[in-house]
Amino acid sequence: MTMKVLGYAATSAKVPLAPFEFTRRAPRPDDVVMEVLYCGVCHSDLHQARNDWGFSTYPIVPGHEVVGRVTAVGKDVTKFKVGDFAGIGCMVDSCRHCNPCQQGLEQYCEEGNVQTYNGIDRHDHQPTYGGYSQAIVASQDFVLKMPAGLDLKAAAPLLCAGITTWSPLRHWKVGKGSKVAVVGLGGLGHMALKLANALGAEVTLFTRSPNKEADARRLGAHHIVLSTDDAQMAAAKGQFDLIIDTVPYVHDINAYMPTLNVDGTLVFVGFLGDISPMVSTLPMILGRRSVAGSCIGGIAETQEMLDFCAKHGIASDIEMINIQDINHAYERMLKSDVKYRFVIDMASLKP
Ligand SMILES: NC(=O)c1ccc[n+]([C@@H]2O[C@H](COP(=O)([O-])OP(=O)(O)OC[C@H]3O[C@@H](n4cnc5c(N)ncnc54)[C@H](OP(=O)(O)O)[C@@H]3O)[C@@H](O)[C@H]2O)c1
Ligand SMILES: [Zn+2]
Ligand SMILES: [Zn+2]
């Protein structure tokens, strides 16, 4: 049976999010239906609500850090049963047969992964709506198990901020002896500090915000570099094996490149679009350094990250909000005034 659901949607780039009623599909044989308990607020939600990337289709119900309780399962579902706690991240489907999909890299599906919101379902061609809503439906293959011991509220942001920083840390084989830097202390940045530290790396934060220093140390940074201070930037030369750049807006990376060690990589996970005015090839050629990008992570890798976090007692630092406060939360996020992820208590969403 289809289900009427209440959510919060942006109906254009220019208006605040507001209550929006829509219909969830009847579960297919492999579908899991979840009552949404908590949903993290990612800067991507704001980008897409406001069409920063130019591919928003309205109405948009954002939310891709979704934790809930299973309320129904299709007849072929084996991974979940009613009552289980489960999570949904940034994607809900992919072609499942291309090369990347077969390697567990569904996020790089050749046919494009189906985003949890602002996407189009591969079967009924209906728009996908995200976790700022009472319930959500997705194939079991794209639903994560929430390991026992994780606080569900604080674990919600792991489903995007966590996996997006975990994936490059793993791809570039970060471990004991690695030197990692993170640019920007927001939702992604604070998870990057925690995860890199737990993997055994020596961790540095680049920030524009001097007032974040004490927090950064508590979150796992061993060193802090104020990116607006030329002397501090110059002193950081030649150090890092990996820099994870989480900055959401266009910015100059020329100052960061010389801080990479020989063979080091700066990986963009934040800004999507044409990069800064000009990027000099000098540090790349003279140090075999690379500039790369990385998109969320595969489903198996996401489960690996959740299990790692449960084992190491890692979750997000969160500020709980009611859904009615979402527009205010977006304004605060624009001012980098988040410590360090807003999570919506979905119990606040009442008809
Ligand atoms: N690749 C992916 O798969 C993926 C997945 C999720 C999110 N994202 C993207 O990652 C970005 C970060 O998301 P988030 O949720 O972590 O955002 P966030 O919580 O707003 O944090 C971003 C941080 O970047 C710094 N910053 C902000 N504006 C800046 C500017 N103009 N110049 C320099 N630094 C700036 C600030 O840190 P300081 O105060 O420390 O400087 C800020 O706290 C967003 O663009 C989001 O869309 C990508
Ligand atoms: Zn996100
Ligand atoms: Zn595929």
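The model is a predicted one.

I start with helix 10, which covers residues 326–334. Which of its residues are buried? They are Ile-326, Ala-329, Tyr-330, Arg-332 and Met-333. Looking down the helix axis, these buried residues fall within an arc of 165 degrees, so they line one face of helix 10. As background, an α-helix has 3.6 residues a turn, so residues three or four places apart point the same way. What lies over the buried residues of helix 10 includes strand 1 (3–9), strand 3 (31–41) and helix 1 (43–49), along with strand 16 (318–322) and strand 17 (341–345). After the helix comes Ser-336, with a positive phi near 55 degrees.

Now the aromatic rings. How many aromatic pairs does the structure hold? There are seven. One of them is Trp-53 with Phe-55: the ring centres are 5.9 Å apart and the planes stand at 40 degrees, so this pair is tilted. Trp-53 has 24% relative accessibility and counts as partly exposed; Phe-55, at 43%, also counts as partly exposed.

Trp-166 and Phe-308 make another tilted pair, with 4.7 Å between centres and 45 degrees between planes. Trp-166 belongs to helix 4 (residues 161–171) and Phe-308 to helix 9 (residues 299–312), so the pair ties together parts that are 142 residues apart in sequence. Are these two residues buried or exposed? Both Trp-166 and Phe-308 are buried.

Two last items. Phe-20, Phe-22 and Tyr-129 form one aromatic cluster. Lys-145 sits over the face of Phe-80, 5.0 Å from the ring centre.

Terms used. Residues are numbered from 1 along each chain as its sequence is written. Chains are lettered from A and ligands numbered from 1 in the order in which they are written. This is a predicted model: local features need pLDDT of at least 70, side-chain atom pairs count only at pLDDT 80 or more; totals for chains, interfaces and linings use all residues. Side-chain values use heavy atoms; hydrogens and water are left out. Buried means under 20% relative accessible area, exposed over 50%, partly exposed in between (1.4 Å probe, protein chains only). Helices (H or I, at least four residues) and strands (E, at least two) are DSSP runs, numbered from the N terminus. The arc is that of the directions from the helix axis to the C-beta atoms. Contact means heavy atoms within 4.5 Å. Rings of Phe, Tyr and Trp (its six-membered ring) pair if their centres lie within 6.5 Å; planes under 30 degrees apart count as stacked, over 60 as edge-to-face and the rest as tilted. A charge sits over a ring if NZ of Lys or CZ of Arg is within 6 Å of the ring centre and within 35 degrees of the ring normal.
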